[in-house]
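Let's take a friendly look at how charged side chains pair up in a protein. Have the structure open beside you as you read.

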Amino acid sequence: MKRFFIFLLLTFCCKQVKEADVIRIGIRGTLHTTDPHRSSYFDVNQVLYNIYEALVEFDKKMRLLPCLAYKWEQKNTRCWRFYIREGVKFHSGDMLTAWDVRKSIMRAKTLKGSQVKELVRLIKDVKVINSFTVDIITEKPAPMLLQYL
């Protein structure tokens, strides 16, 4: 009987939810931007982590895991090769390719007002090997590079 009254209460007192064009996310600060290259605010980045993905990510024990790149290898002290997952689509329906990875990294380096420029400053170039493989070339050895991608 108690469950029945709770059901009635929830049925008649709660507003019906329907699909909308608005996403509401509660954060303690102000969402200044949704551009991942223009923000270094912790609160904003917490929202952006739910929208964008990186080449690699961390688990709860801070171990690196595959994300958009399903594997990677260090070709030499200044070159990292990343193999991009196939079948990843943007919201537009376009497929993610190595060209998109290159464009994103180079934008982070060159965008006026980029808040992540310092994280990618050692990257000299991003070479597209094929549609799903990129080489990231650094100016000098960059052992922490994976943590920034």
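**Salt bridges in this model**

Asp 125 is partly exposed, with a relative accessible area of 22%. Keep in mind that you are looking at a predicted model. Asp 125 also has a charged partner, Arg 102, and their side chains form a salt bridge. In total, the count of salt bridges is four, and three of these pairs are described below.

**Arg 102 and Asp 125: a helix and a strand**
- The N to O distance in the salt bridge between Arg 102 and Asp 125 is 3.2 Å.
- Arg 102 belongs to helix H3 (residues 98-110) and Asp 125 to strand S5 (residues 123-130), so this pair ties together parts that are 23 residues apart in sequence.

**Asp 135 and Arg 81: two strands**
- A salt bridge joins the side chains of Asp 135 and Arg 81, at 2.6 Å from N to O.
- Asp 135 sits in strand S6 (residues 133-138) and Arg 81 in strand S4 (residues 79-84), so the pair links parts that are 54 residues apart in sequence.
- Are these two side chains buried or exposed? Asp 135 counts as buried because its relative accessibility is 8%, under the 20% cut-off.
- Arg 81 counts as buried too, with 16% relative accessibility.

**Lys 75 and Glu 73**
- The side chains of Lys 75 and Glu 73 make a salt bridge, with 3.8 Å from N to O.
- Lys 75 is partly exposed, at 42% relative accessible area.
- Glu 73 is partly exposed as well, and its value is 30%.

Technical notes. Residues numbered from 1 in each chain as written. Predicted model: local features only at pLDDT ≥ 70, side-chain atom pairs only at ≥ 80, totals over all residues. Heavy atoms only, no water. Buried < 20%, exposed > 50% of the residue type's maximum accessible area, 1.4 Å probe, protein only. Helix = DSSP H or I, 4+ residues; strand = E, 2+ residues; numbered from the N terminus.
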